[in-house]
Amino acid sequence: MKYSDTYREQLLLDAVRSAEDAAIQLRQYAAAVLEPAQTVPGDAFSDNSQAAVVEITPEGCWLAASLPGMMPRRDDADRPRFLAGLLRDAIRRTFPDHDQPKFRACVLVYEHIYDIGRSRRFIDHDNLELKHCQDVLEAAFLTNDTAALCSAFQCSHRGEQDGTRIWILPPEQFPEWLKSYPECWKSTTENM
């Protein structure tokens, strides 16, 4: 029996969709049952003195996750996993009954905060490792982080201490976020 090219393409497309659905279900299951990642010896946050925080903002439909420190560079092998573990633990503390909001479509805003007391250059956004934390957020709050459902925006500014805040917003609320938090994204060259 000979199959047409169209039929084979449809079979392949169906198989890819099934695999993607299985991967999403596995990530959601893992986020619900796995323990947070253990600290790495010599890690800057190994004393757990600073915990990640996840909260629904006063606006009501926004979610903010605050991490104690900057997102690491892509070449840093251990720190991304550690920050993902802190984030996973914060989600469990905030939503112990797994009643967290779910976003079908969203905008992820990565707000990179640099300690104003330290003189260092901003890291290029494309050199920051976001994947581990985004995977945790996807498993907990998103339908999927495919480009069809999830847009991303990154901004950097100076603040009281190093940190990263990741916002999850419905797409229609992104313009409101921009109006509400101009200090996050309207940096001048003298602040850089």
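Residues are numbered from 1 along each chain as its sequence is written, and side-chain values rest on heavy atoms, with hydrogens and water left out. Because the model is predicted, local features need pLDDT of at least 70 and side-chain atom pairs count only at pLDDT 80 or more, while totals for chains, interfaces and linings use all residues.

The protein chain contains five helices and five strands; here helices (H or I, at least four residues) and strands (E, at least two) are DSSP runs, numbered from the N terminus. Their order along the sequence is α-β-β-α-β-α-β-β-α-α. Of the 192 residues in the protein chain, 40% are buried, where buried means under 20% relative accessible area, exposed over 50%, and partly exposed in between (1.4 Å probe, protein chains only). Contact is taken as heavy atoms within 4.5 Å. Among contacts between residues at least 6 apart in sequence, 81% join residues at least 24 apart. The protein chain exposes about 11,300 Å², and carbon and sulfur atoms supply 52% of that area; accessible areas come from the Shrake-Rupley method with a 1.4 Å probe, and for residues only the protein chains shown count as cover.

Turning to the cysteines, a search of the whole structure finds zero disulfides, a disulfide being a pair of cysteine sulfur atoms within 2.5 Å. Cysteine 155 is buried, at 4% relative accessible area. The closest cysteine sulfur to that of cysteine 155 belongs to cysteine 184 and lies 5.4 Å away, too far for a bond. Cysteine 61, by comparison, is partly exposed, with a value of 30%.

Helix α3 (residues 131-141) is mostly covered, with eight of its 11 residues buried. The buried set includes Cys133, Gln134, Val136 and Leu137, and also Glu138, Ala139, Ala140 and Phe141.

Aspartate 115 sits in strand β3 (residues 106-115) and is buried, at 18% relative accessible area. The side chain of aspartate 115 reaches the backbone nitrogen of glycine 117 at 2.7 Å. Apart from neighbours within four places in sequence, aspartate 115 is in contact with Arg158, Gly159, Glu160, Gln161 and Asp162.

At the surface, what do Tyr3, Tyr7 and Leu11 form? These residues make a nonpolar patch with about 290 Å² of accessible area together. Tyrosine 3 belongs to the segment before α1 (5-33) and is partly exposed, at 38% relative accessible area.

Notes
Polar contact = N/O pair within 3.5 Å; in protein donor to acceptor, adjacent residues only side chain to side chain. Patch = residues over 30% accessible without salt bridge, like charges linked within 9 Å, V, L, I, M, F, W, Y side chains within 5 Å. Salt bridge = Lys/Arg side-chain N within 4 Å of Asp/Glu carboxyl O.
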